[in-house]
Amino acid sequence: MGFPVSDVSTSADNSQEVVAAVLTQRNHDPHALVQILREVQDHLGWLPRKAIVQIARSLKMPLADVEGVVGFYRFFHTTPVGDYRILFSDNITDRMAGSAALMADLCARLNLKPGEVDKDNLVSVAATSCIGLCDQGPSVLINHRYAIPALNAEKIATMSELVRARVPVAQWPTEWFRIHDNIRRPDVLLGTPLELGSALQAALARGPHGVLEEIKKSNLRGRGGAGFATGLKWELCRKAAGQEHIVICNADEGEPGTFKDRVLLSSYADAVFEGMTLAAWVLGGNAKRGFLYLRGEYRYLLDGLHAVLEQRRQKGLLGKAILGRAGFDFDIEIHIGAGAYVCGEESALIESLEGKRGTPRIRPPFPVEQGYLGHPTTVNNVETYCAVNHIVLHGGEWWAGIGTRKSTGTKIHSISGDCERPGLYEYPFGTSVRTMLSDCGAKDTQAVQVGGPSGLCLSAFEFGRRIAFEDVPTAGAFMVFDRSRDMFDVAHCFAQFFAHESCGFCTPCRVGSALVVKRMDKLVAGYGSRYDVDVLFEMDKLMHLATHCGLGAAACNPLRDTIAKFRPAYESKLKSLYFEPGFSLDDELSIARRVTGRDDAAAHFQHTE
Ligand SMILES: Cc1cc2nc3c(=O)[nH]c(=O)nc-3n(C[C@H](O)[C@H](O)[C@H](O)COP(=O)(O)O)c2cc1C
Ligand code: SF4
């Protein structure tokens, strides 16, 4: 941009100028609304109403529509949040590593409460959903553009002094921002360096149809969770009629406990972009535009990713006539999310890319038929794009020979929690949970949550099971819990996550996820009965059946598994076997006693068993 970006600026005085410059830069395109809002906020620190009005007027959009978008994303602020906005990652693994105590310590030092902005409008501290640093937590995100892993009491003490002294975050100790890849077990994707452009050269030699055949032969299934066959997806998209075809890389990585895409984007970005370019080659001459949808929490990766894109343009690997092939024109843009887990769902992601609220679409039509702006669109995970390079280079049969018949190739796992060596582990599909636990140095393990809160919780009896679509499917998270952990706390944390992330579009999820948390809070408060546990079980069935998208359907998975496999963790919190109210009637009568001036035995509620 043509004007300086400051770390610490909440002045809205120059907002008109800032908004005008951002809008010009974005060609007054309403489809860029999320990016426009993000960039304006980057400069002003928050989104003053007059800036929102100016944006709505300039884009010729109803003000209510713009406000609707602003209100949808958690990283947009319509009131000042201080020059320092400090967000603590709040996954269960962060809690296990002491994040709550560190946050309380920072709040005490800065003399504020979580969620509050201090009276000088200098700083606010709050919790946010997992920021993808579980292998090196506890961690914080500052001003939505700096991440600090491996926090401890000493750093918190220094941080509070730096904030009070108003030292810009960019001038804080450099080593604080060092994020490690922690690659512990590389295999095909993490261990074989790709020569720049080599997969593209091989693709040109094979031709689009030949590449598609190899991908189909490989039986590669998407790594984003659902496991849809990549070859079939690309074929459907290629065949769908449209003036333009779109390639999207889903780098939203919001599933708590997953951080493999962060590492792929940090250290293997060329492979990701090369895979996207291969998809464009397969889709045909109409596929000229690609988008990488980067989660807002990974904003700090943006400059590095832009540098890689630029280098690829310089080398003829992106842009017009790629590798000299006339008509093979393709380029990639990066869009940044703004703190909404549901935007990882592919149709919600497309809505967000179009500048709207990230509400999942009704399907069909599927994105391969009508996706971004109605064009046939293929959406794939970061790891899926990395994998296709190797398939194009070595052939589909070679890939199909790795792993199991139904789950071919390798899979990257983000391992965190109670183990000695957290980090990335790449294994052929079919590897047992026990092998993975042994490799990462897990001891006395009680449970493993595979695939994040939406996935499966396995007890020790199941550690012989294998990671594969036909046994234990996964999008990549592998959180380990030893016997010191209360599995109720784990499920409670995940229930809070889903309630927090529900987009609110459909009632069963919006209300159901909140009711689940309320019931669990009731157990924590000591008012639980077996009836409440039964109700939680019923909620699982209801939400599976009645919700609009995968988020709501998966929201009770952790409850279902932990109630079935770790029931004592729930029963130890029950007050009775029968119904119990969620409050103490005697406590509720205290106001009446005060008003009437009575506190004798008869004025107290007598509980009879
Ligand atoms: C609530 C929700 C969140 C999701 N988040 C992601 C995500 O962060 N990354 C991802 O690749 N897929 C995510 N998915 C799956 C996508 O909808 C889609 O299936 C995937 O991007 C397709 O890519 P693939 O075929 O390469 O797996 C999510 C799905 C749901 C329901
Ligand atoms: S299930 Fe939840 S996240 Fe999905 S559309 Fe409904 S409210 Fe939104």
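The C-alpha centres of domain 2 and domain 3 lie 33 Å apart. Their contact draws 14 residues from domain 2 and eleven residues from domain 3. The model is predicted. Its protein chain is assigned five stretches: domain 1 (15-72), domain 2 (84-180), domain 3 (184-400), domain 4 (410-485) and domain 5 (488-576).

**Helix pair α1 and α2**

- Helix α1 spans residues 15-25 and helix α2 spans residues 33-44.
- Packed helices are described by the angle between their axes and the distance between those axes.
- Here the axes come within 10 Å and cross at roughly 145°.
- The crossing of α1 past α2 is right-handed.
- On the α1 side, the contact residues are Ser15, Val18, Val19, Val22 and Leu23.
- On the α2 side, they are Ile36, Glu39, Val40, His43 and Leu44.
- By class, this contact holds seven nonpolar, two polar and one charged residues.
- The loop between α1 and α2 contains His28.
- His28 is not a glycine, yet its phi is positive, at about 50°.

**Four-stranded sheet**

- Four strands form an open sheet in the order β2-β1-β3-β4, with mixed pairing.
- Its edge strands are β2 (123-128) and β4 (146-148), and each pairs on one side only.
- From one strand to the next, the twist averages 25°.
- Strand β1 (residues 84-89) and strand β3 (residues 140-142) run antiparallel and are joined by three bridges.
- One bridge pairs Phe88 with Val140 in β3.
- Helix α6 (residues 99-110) lies across β1 and β2, and its direction is at about 165° to β2.
- Helix α7 (residues 153-164) lies across β1, β2, β3 and β4.
- Relative to β1, α7 runs at about 160°.
- Pro138 sits in the loop between β2 and β3.
- The peptide bond leading from Gly137 into Pro138 is cis, with omega near -5°.

**Six-stranded sheet**

- Six strands form an open sheet in the order β5-β11-β10-β14-β12-β13.
- Pairing in this sheet is mixed.
- The edge strands are β5 (183-185) and β13 (456-459), each pairing on one side only.
- The twist averages 30° from one strand to the next.
- Helix α11 (residues 260-267) packs on the sheet.
- This helix touches β5, β10 (410-417) and β11 (423-428).
- The direction of α11 makes about 115° with that of β10.
- Strand β12 (residues 445-450) is joined to β13 by four bridges, and the two strands run antiparallel.
- Val450 has Leu456 in β13 as its bridge partner.
- As a general point, strands of a sheet pair through backbone hydrogen bonds, either parallel or antiparallel.

**Shell around ligand 2**

- Ligand 2 is surrounded by 13 residues.
- The closest are Cys503, Phe505, Cys506, Cys509 and Cys549.
- By class, the shell has eight nonpolar and five polar residues.
- No charged residue belongs to this shell.

**A further cis proline**

- The bond from Pro364 to Pro365 is also a cis peptide, with omega near 0°.
- Pro365 lies in the loop between α14 (346-353) and β9 (377-381).

Notes. Residues are numbered from 1 along each chain as its sequence is written. Chains are lettered from A and ligands numbered from 1 in the order in which they are written. This is a predicted model: local features need pLDDT of at least 70, side-chain atom pairs count only at pLDDT 80 or more; totals for chains, interfaces and linings use all residues. Side-chain values use heavy atoms; hydrogens and water are left out. Two strands pair if DSSP finds at least two bridges between them. Axes are lines fitted to C-alpha atoms, for helices over the stretch in contact, and angles run from 0 to 180 degrees between N-to-C directions. Contact means heavy atoms within 4.5 Å. A residue is near a molecule or strand if one of its heavy atoms lies within 4 Å of it. Ala, Val, Leu, Ile, Met, Phe, Trp, Tyr, Cys and Pro count as nonpolar, Asp, Glu, Lys and Arg as charged, and the others, Gly among them, as polar. A crossing is left-handed if the near helix is turned anticlockwise from the far one by less than a right angle, and right-handed if clockwise. Domain bounds come from an automatic or database domain assignment.
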